Every structure is written in C-alpha cells, then in structure tokens.
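Student: Could you walk me through this structure? I'd like to begin with one of the sheets and then move on to other parts.

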Amino acid sequence: MASFSKLLEQRTVPKDKEKDKDDQVYLDSYADLGIHEEMLKDTMRVAAYKAAIDHYASEWQDAMVVDVGAGTGLLSVLCARSARRVVAIEASRLAHFLRQVVDTNVPGTVAVHECLAEELELDDGEKADVIISEWMGYCLLFENMLPSVLSVRDRYLKEGGQMLPSKCRLLMAPLQDSWREEKINFWRSVSGIDMSSLMPLARATFCSAPQHRIVDPKALLGDAFEVLCMDMHTVQSADLERFEADLRVTLPPGSRLDGIVTWFECEFGDAGWQLSTSPSKPATHWKQTVFYFRQAVEGGGGILLTGKTVVERHDEFSRGYRVTFDLKIPGRTSRMEAFELR
Ligand SMILES: C[S@@+](CC[C@H](N)C(=O)[O-])C[C@H]1O[C@@H](n2cnc3c(N)ncnc32)[C@H](O)[C@@H]1O
C-alpha cells in the first residue's frame, strides 16, 4: 500500500490513458510481497476480520462467499473453513500464489479468478450470500478500490446478502503536536551548517502531503467529528466523488491548531465495530493520516473556528483524493488549506 504513491510518480502516459496506467501501477504495487507481509502482520486488521468471520461461521454452511481482492488468501481460507464455496478474485500477479495457498489449505473449496473485480463472470444465475473485502486505504478511501467491490456487489450479491465490512466511517479531529515544527526546524542548523534557506521548502514539503503517522491521543485538541458514513449495502461510487462536512472546532485558550488528524472505523454486521484506526486504539498499518496546516491557528484566549472540509476525487490521479479545509477564524481573514492524497 505504502509504495503505491511512489510508483505513481513514474507515470509518463497520455492523458486519456492515465486511468489504465494508474490501475497497472496500482496492481503492480500489490504484486510486491512486502506489502502483504505488512498487512498480514497487522494484528488489529487480521483480528477484526477473523472475529467477523468467526461470528458468522455457524450460519455459512450453505453460503457462497466472494472475497474481492484476495491477495495472499487469508480471508478466503478463513471463510472457506465454514462456507460451502468461496470465490477469490485477485487481479495482481499474486493470483498464481493465491491459488497455491488455497489449494494447500482448503482444497476444492475456493475458486480463484485471476481478473479485475469489474470483469468477474460467475456461472449463470450464481449469486453470493456474502461479499468480504479488505479494500480500505489510507484515510479510508485512498487507492479507490471500493468501486471495484461495489461493482461485484451490484451484479452478484443476493437480495438481502451480507457485505463485510457492512459500515465504514471516516472521522477527523483537531490536532496540536510538534511534529511539523520539528521537521522544519531541523533545517535551521545541520551539523553546525546554516541550512535555514531550506526551511520554506521543508514547510511546503511536509504541509502539502498528508502524513501517515501514529498520533499521540493526548495531541487531540477536541472531539472527533464524522465526515463520511457509508452503509456498504447501499453506497454508490458516485457518493465517493465528493463529500463535505462542517468544521466546528473550539480551540481552548493558549492552544494551537497544527492540523487535522483522520482515521476510520469499520463495522462487520452483527459482529460490531471491530476495526478502528483511531489514535486511542492499538496501531494498525494504516496509522492515522494528518493534514498539517502551512500555518498553525493560535487559539489565543479561546476561539470557535468554523468552516468546511471538502473531500473529492483527484482529477489527475484516479486513485487519489484532494482534501481542502476552508477555515473561518474569528477576527482574522478566512483561509484555505489544500492537500493531495496521491
Ligand atoms: C488491501 S489488499 C487485501 C489482500 C487480502 N484480502 C488480505 O486481507 O490480506 C487488496 C488486494 O486487492 C487486489 N485488488 C485491488 N483492486 C482489485 C480489482 N479491481 N480487482 C481484483 N483485485 C483487486 C490487490 O491486488 C490486493 O491484493
């Protein structure tokens, strides 16, 4: 997951071919076993899916489960221990090894389809009782894999079938921490050499790109607010194109708003809200995503900051997003902080 944005920078393709190239670069990133190792070592992630599968296991004797983006096969194998049949879809070159993993562990139960989810073709009339997928990226939506899952849902999920996860929400909270200033101040003097001319560049570097890092929960300046909440049975790809939320943040006296931290939570049907990437929960490989403002907002004697955050699909990188914060600061001019998630 993490290396995808680096690979993207290597693109040199005409505008009309950009999406295909993004897809190819994206799937190439998933052919790298290192990414899968990182995900499989994420014990919170694995435990959440395992708890959900265990919760439903006794109801799945006759069920057909589709695992969208099966990767190295963890979810397919776990599901196949209870379900009648599992269809595992994997578009990257890893599909070859996925086939070996399922054949070794649950022979005869999992059918591997090496194709894009969008191109999946099941036998005539065959429908899924359950669709399971681990599609979440940084800040929930980065990578934009969700529309691929929805394309399978819309064609192959039975009426009343189960989506796992079943609900997902994206949260934001105000943050005060010294990370950004430390990154900038580093350039003031390096081994006794005055490199302060690099400080504006450091500010531009660390404040335009969102930072994926573990945040100390004590650095939260106030309560979290919900920016997006999706029911996976009904959400549409169009809902992901653009959404917004009101900002209403009370800055305590003497505080300083350095930016906004985001995380997400996923519910797995009756098994409950099993997965949270909140700073107050044990760390996951998603960490949190922080949008550090170019200029911090001083809380003075205490202020109510209002405004709006807008999240919209990136117009150039089909798997990226643009995030803007329109800030209205009492007694000061309004300002906009804009970021690219790519
Ligand atoms: C986040 S990984 C999850 C892997 C595995 N399910 C797990 O939990 O360890 C997502 C996987 O989905 C695959 N994938 C992404 N988009 C896809 C698509 N449109 N069709 C098929 N596979 C896709 C990727 O290659 C990757 O292996």
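**Sheets, domains and single residues**

Tutor: Four strands form an open, antiparallel sheet in the order S11-S15-S16-S17, where strands (E, at least two residues) and helices (H or I, at least four residues) are DSSP runs numbered from the N terminus, and two strands pair if DSSP finds at least two bridges between them. Strand S11 (242–251) and strand S17 (335–341) stand at the edges with a single partner strand each, so one side of each has no neighbour in the sheet. From one strand to the next the twist averages 20 degrees, with axes taken as lines fitted to C-alpha atoms, for helices over the stretch in contact, and angles running from 0 to 180 degrees between N-to-C directions. This is a predicted model, in which local features need pLDDT of at least 70 and side-chain atom pairs count only at pLDDT 80 or more, while totals for chains, interfaces and linings use all residues. Residues are numbered from 1 along each chain as its sequence is written.

Student: Over how many bridges do S11 and S15 pair?

Tutor: S11 and strand S15 (residues 303–313) pair over 10 bridges, in the antiparallel sense.

Student: Changing topic, how is the chain divided into domains?

Tutor: The protein chain is divided into domain 1 (4–166) and domain 2 (169–341), with bounds that come from an automatic or database domain assignment. Their C-alpha centres lie 29 Å apart, and 30 residues of domain 1 are in contact with 28 residues of domain 2.

Student: Which element gives the most to the domain 1 side of that?

Tutor: H4 gives the most to the side of domain 1 that touches domain 2, with six residues. By class, that side of domain 1 has 19 nonpolar, four polar and seven charged residues, where Ala, Val, Leu, Ile, Met, Phe, Trp, Tyr, Cys and Pro count as nonpolar, Asp, Glu, Lys and Arg as charged, and the others, Gly among them, as polar.

Student: What does UniProt list for residues 169–329?

Tutor: The unreviewed UniProt entry lists "domain: Protein arginine N-methyltransferase" there, with positions in the numbering used here, a shortened feature name, and the caveat that annotations may be inferred rather than shown by experiment. Over residues 169–329 the chain is 11% helix and 48% strand, and the end C-alpha atoms are 27 Å apart. The unreviewed entry also places "domain: Methyltransferase" at residues 65–161, a stretch with 30% helix and 25% strand whose end C-alpha atoms are 10 Å apart.

Student: Now the backbone: where is Cys139, and is it buried or exposed?

Tutor: Cys139 is in the loop between S4 and H7, and Cys139 counts as buried because it has 26 C-beta neighbours inside 10 Å. The cut-offs, with C-beta atoms placed from the backbone, are 20 or more other C-beta atoms within 10 Å for buried, 12 or fewer for exposed, and in between for partly exposed. Cys139 also has a positive phi of about 60 degrees although it is not a glycine.

Student: What about the phi of Lys287?

Tutor: The phi of Lys287 is near 50 degrees, again a positive value in a residue other than glycine. Lys287 lies in the loop between strand S13 (273–276) and strand S14 (288–298), and with 17 C-beta neighbours inside 10 Å Lys287 counts as partly exposed.

Student: Which peptide bond is cis?

Tutor: The bond from Leu164 to Pro165 is cis, with omega near 0 degrees, and Pro165 is found in the loop between S5 and strand S6 (167–175).

Note on methods. Two residues are in contact if their C-beta atoms, placed from the backbone, lie within 7 Å.
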